[in-house]
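Subject: Structure for you to look at

Hi,

Here is the structure I promised. Please open it and keep it beside you while you read my notes.

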Amino acid sequence: MAHKKGVGSSKNGRESHGQRLGIKIFGGQEAKAGNVILRQRGTAYHPGKGVGIGKDHTIFALVDGTVVFTVKREDRRYVAVEPISA
């Protein structure tokens, strides 16, 4: 009697789906207003000029332009959108 009874249900299938985090529009690429630039948990990147930040720390473009990644302090990376000059 040193065996388990066969119940028939699988012991697998508890893996959660990936959250699709990361950079969506890279530096130097064009972004339209409303485009998601970066999805993150916490503020690994901080918002600069021309971008907004959502309640889940998603950074998105507020203006049409070119995405720029910069480091202003040693521990802070910033994302900005430089508007297209007409």
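The count of salt bridges in this predicted model comes to 1. A salt bridge here is a side-chain nitrogen of Lys or Arg within 4 Å of a carboxyl oxygen of Asp or Glu. The two partners are aspartate 56 and arginine 39, with 3.6 Å from N to O. The pair links distant parts of the chain, 17 residues apart. Aspartate 56 sits in the loop between strand S5 (51-53) and strand S6 (59-61), and arginine 39 belongs to strand S3 (residues 36-39). Strands (E, at least two residues) are DSSP runs, numbered from the N terminus.

How exposed are the two partners? Aspartate 56 is partly exposed, at 33% relative accessible area. Arginine 39 is partly exposed too, at 24%. For the cut-offs, buried means under 20% relative accessible area, exposed means over 50%, and partly exposed lies in between (1.4 Å probe, protein chains only). As background, side chains of opposite charge can pair when their charged atoms come close.

A word on the ground rules. Residues are numbered from 1 along each chain as its sequence is written, and side-chain values use heavy atoms, with hydrogens and water left out. Because the model is predicted, local features need pLDDT of at least 70 and side-chain atom pairs count only at pLDDT 80 or more, while totals for chains, interfaces and linings use all residues.

Next, the sheet. It is open, has 4 strands, and runs in the order S2-S7-S8-S4 with mixed pairing. Two strands pair if DSSP finds at least two bridges between them. Which strands are at the edges? They are strand S2 (30-31) and strand S4 (45-47), and each pairs on one side only.

Look at strand S7 (residues 65-73) and strand S8 (residues 76-83). They run antiparallel and are joined by 8 bridges. They form a hairpin, with 2 residues between them. Arginine 73 has arginine 76 in S8 as its bridge partner. Phenylalanine 69 stands opposite valine 79 in S8. On to S2: 2 bridges join S2 to S7, again antiparallel. There, alanine 31 is partnered by glycine 65 in S7.

Last, the backbone. Most residues other than glycine have a negative phi. Arginine 20 has a positive phi of about 60°. Arginine 20 lies in the segment before strand S1 (22-23) and is exposed, at 60% relative accessibility. Histidine 57 also has a positive phi, near 70°. Histidine 57 is in the loop between S5 and S6, and is partly exposed at 29%.

Best wishes
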